[in-house]
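Reader: Could you take me through one part of this structure up close? I would like to hear about the charged side chains and their surroundings.

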Amino acid sequence: MALVDYSSSSASEADAVEERRRPRRKRRKGSGDKERSAPESESGSESESGSESRSKSADGAAAESKMPPLPSAFHDLYASTVRRSIVDDPSLHQGRRRQTPHVPGIWPSHVYVEWHPTSDEHGSLVKLIRLVEAELGDEIKLHSFLTSDLGSPLPLHISLSRPLSLPTADKDGFVERLSHSIRSSGTDPFSLHPSGLAWFKSPDSERTFLVLRVVGGHQAETGRVNGELTGLLSRCNAVASLYKQPTLYQQSDKGAADTAFHVSVGWTFEQPDEKASLRVLHLLDEEPFRDSRSWEMQVSGVKAKIGNMVKHIPLGQSRSVP
């Protein structure tokens, strides 16, 4: 089944397009005063072909602007880049080293909430990264999570687990238990908002991340901000513990879990000095980015990535799963 369906042109429109694409021919007199047809020379058709080319470009641009956005499920099909080596080669990954060595039968896994910024939000984040780079200077290399190597916008995520390593024998059971736990949570779809910038030193790698902190609704019964995320995290951690996997934002971690949720937008191996760090953190208060706190980040489900497979677990479908 096609990812996106487009309406086809009518027969008359198709004929008209085909007619425009045919090279124009003009009459020439040959020997014996007989007329014959021949394609126009490049010099003779320069102005017409140029006009036709501009017309086609305009038509193509108009058609491109009307194309619908890719469905979110499209990114699940291509959640991983092509593996270029089975050994740990930092030169292929911007200097990063694999925290868990590649072992056949062990599946790197992750549980998260995905966010697809709008085109305006993506543009604002790109401008923000450029300003951060200017503040940090040439000595610190900041890598962006916003775009792919080809320049396409990428979805961002809020982690609900640490990096996990699941044996083949456990991966199907893990996904099944996680799906059951989330679907039975009674959590409806909800929205989040950015609340500020922060630096986050990863406990699982040598990298420092530039993150966008997020906040959700206030739950009166618990007195917590991000009550929905905290509830989902508790269920994800319970399943991870059951399979002897590390948990996220537990008591041993710094900071309360309900204020630790964030979206990573960039990373670096270097640690910015205190003055540069503070200048970066105040960028979100400047005029171009003040409206970012009103952005709505819709959460309709949880995703579990097991190797190259992505399982989407929707929220709000069942309040009592047997």
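**Charges around a loop and beyond**

Author: Happy to! Let's begin with D138, which sits in the loop between α4 (119-136) and β4 (143-144). Please keep in mind that this is a predicted model. D138 is exposed, since its relative accessible area is 85%, and exposed here means over 50%. On the surface, D138 gathers with E139, D273 and E274 in a patch of negative charge.

Now for charges that do find a partner. Side chains of opposite charge can pair when their charged atoms come close. The count of salt bridges in this model comes to five, and I will go through some of them.

One of them joins R279 and E135, whose closest N and O atoms are 2.7 Å apart. R279 belongs to helix α7 (residues 274-281) and E135 to helix α4, so this pair ties together parts that lie 144 residues apart in sequence.

Another salt bridge brings together the side chains of E114 and K303, at 2.8 Å from N to O. Here, too, distant parts of the chain are linked: E114 is in strand β3 (residues 106-115), K303 is in strand β13 (residues 301-306), and 189 residues separate them. E114 counts as buried because its relative accessible area is 15%. K303 is buried as well, with a relative accessibility of 6%.

A further pair is made by D172 and K171, whose side chains meet in a salt bridge of 3.5 Å, N to O. With 54% relative accessibility, D172 counts as exposed.

Let me finish back at the loop where we started, this time with a contact to the backbone. A polar atom in the side chain of T268 lies 3.0 Å from the backbone oxygen of K141. T268 itself is placed in strand β11 (residues 262-268). Is T268 buried or exposed? Its relative accessibility is 0%, so T268 counts as buried.

To put the picture together: D138 is part of a negative surface patch, R279 pairs with E135, E114 pairs with K303, and the side chain of T268 meets the backbone oxygen of K141.

Technical notes. Residues are numbered from 1 along each chain as its sequence is written. This is a predicted model: local features need pLDDT of at least 70, side-chain atom pairs count only at pLDDT 80 or more; totals for chains, interfaces and linings use all residues. Side-chain values use heavy atoms; hydrogens and water are left out. Patches are made of residues with over 30% relative accessible area and no salt bridge: like charges are joined within 9 Å, nonpolar side chains (Val, Leu, Ile, Met, Phe, Trp, Tyr) within 5 Å. Accessible areas come from the Shrake-Rupley method with a 1.4 Å probe; for residues, only the protein chains shown count as cover. A salt bridge is a side-chain nitrogen of Lys or Arg within 4 Å of a carboxyl oxygen of Asp or Glu. Lys and Arg count as positive and Asp and Glu as negative; His and the chain ends are not counted. The place of a charge is taken as NZ of Lys, CZ of Arg, CG of Asp or CD of Glu. Helices (H or I, at least four residues) and strands (E, at least two) are DSSP runs, numbered from the N terminus. Buried means under 20% relative accessible area, exposed over 50%, partly exposed in between (1.4 Å probe, protein chains only). A polar contact is a pair of N or O atoms within 3.5 Å; within protein, one must be able to donate a hydrogen and the other to accept it, and residues adjacent in sequence count only if both atoms are side-chain atoms.
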